[in-house]
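The following exercises are to be worked with the sequence and the coordinates at hand. Each task is followed by a stepwise solution.

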Amino acid sequence: MKYMMFVCSDPEPETDDSRVPDIEVWVAENDAAGRRVTGNVLAPPSAATTVRVRGGQTMLTDGPFTETKEVIVGFDILECADLDEAIAVAAAHPMAHAGRIELRPYADL
Amino acid sequence: MDAVAQAHREHWGRIVATLIRVTGDWTLAEDCAQDALAVALERWPRDGVPGNPGGWLVTVARNRALDQIRRAAVEQRKLREAVMIEPPHDDTDDRLSLIFTCCHPALALEARVALTLRTVAGLSTADIARAFLVTEPTMTRRITRAKAKIAQARIPYRVPEGDALGERLPGVLAVLYLLFNRGYDGETVLADEAIRLTRMLAGLMPGESEVASLLALFLVQHSRRHARRDERGDLVPLDRQDRTRWDRAAIAEALEILLRTPIEGPYALHARIAAGHVGAESDWRSIALWYDELARVQPTAVVELNRAVAHGYAYGPEVGLEMLPKLDNYPLVTAVEADLTARAGRPEDAKRLFRRAAAETPDGPERRALLSRADEL
């Protein structure tokens, strides 16, 4: 089962006083276990371009189309047996402590 | 037929849980459980009730499922058949898995409660919709959506292990607590279901003291259901209830559970506080002691207020007044202050406080009760 993991910043992170995991360790462990298919850090939203085609016209917008304060700062694609495994992987990511993470399963069409 | 209705109540969760494990298909599992009950309605009056009604229903439902899968996908038959004729499995595990899956924190809380009622307890969608004051199509959508999320996100069908069990069990208990409270004053059937499910969970997880404590708490609360309201439907305070109308068997069972259950969490304390009221008179000293403990683990405003009441009744109204939490615009605090002031022998002050509490309370039985207390002084 594949899950797209959106790693998001949190404009008002609550303080988390538990030990924040190390990203290098997280990547190494999950790569070794075959749970992380790929992933990367993204450039800031100011570098984003939104593309829409309306009436045959391609329209471009500078920046992300949606206005949210949380920003997707990276992504990973996970291969996990089920949601519980994906939750455990996400909870071990440092940005789960300083930001938030959305797990979205592939629709498997 | 009564035997079928009883089998429905007792075995629905077991049938559905087993079939979900075997087929992995929630809808098919419920359809086949429904079919098996229909077959029972037809055959039991004619052939007699089988010795093991639950086992009989599971077998019929399982055969139904096998037929349907066979028809739907002939090429999968051998695979599925191999799975379906596996040796008998301890369906205790299946029912636990079902409860934990329905209460998975990745589902919205309302969906967890609805799904538990539908899938574990076998209530009809119409009944659940009525209890939650929504239309039946709305409730159908909510349940369908929850089932779709379980399938799409692949929420596992199992009891979590290790740390995850400790993290997830309170969520399961919270769903049962919510269920009970929905039924506490209104739909008694929901309170009965909450007790039945908690009793089942306590049987399935005998080592979990919070599960046993929650069961004891429900039993004590529910024992007062016939004495809690007067003819007008107004709430009767605990000290004015007709204690002969309390369900003594339920109380005895609760006390027996508490005797053998260690105190390991908040439900254990809540249960002991509730049990402090079961005698001919409330045992305010021990209640005050348990509130001290509870305030340590759950330092909420409501707990602090109740703690002040308990100390006021145990050690004199002035002690309670000293301990009252300072909360603005919280009519309950004013009402408690009024009550303790009256008990402290200052009727004029108490009268003024009862009127103020009434003014802060929306019109209804609570306000009427406050005004009549003011008039009595």
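Helices (H or I, at least four residues) and strands (E, at least two) are DSSP runs, numbered from the N terminus. The model is predicted, so that local features need pLDDT of at least 70 and side-chain atom pairs count only at pLDDT 80 or more, while totals for chains, interfaces and linings use all residues. Residues are numbered from 1 along each chain as its sequence is written, chains are lettered from A and ligands numbered from 1 in the order in which they are written, and side-chain values use heavy atoms, with hydrogens and water left out.

**Exercise 1.** Describe the secondary structure and the extent of chain A.

Step 1. Chain A has 3 helices and 6 strands.
Step 2. Read from the N terminus, the order of its elements is β-α-β-β-β-β-α-α-β.
Step 3. Along the principal axes, the C-alpha atoms of chain A fill a box of roughly 50 × 35 × 20 Å.

**Exercise 2.** Characterise the interface of chain B and chain A.

Step 1. Contact (heavy atoms within 4.5 Å) involves 9 residues of chain B and 8 residues of chain A.
Step 2. The buried area is the accessible area (1.4 Å probe) that two parts lose on being put together, summed over both. Here about 730 Å² is buried, 51% of it on carbon and sulfur atoms.
Step 3. Between the two chains there are 3 salt bridges. B:R158 forms a salt bridge with A:D82, with the closest N and O atoms 3.0 Å apart.
Step 4. Ala, Val, Leu, Ile, Met, Phe, Trp, Tyr, Cys and Pro count as nonpolar, Asp, Glu, Lys and Arg as charged, and the others, Gly among them, as polar. The side of chain B that touches chain A accordingly has 4 nonpolar, 2 polar and 3 charged residues.

Conventions: A salt bridge is a side-chain nitrogen of Lys or Arg within 4 Å of a carboxyl oxygen of Asp or Glu.
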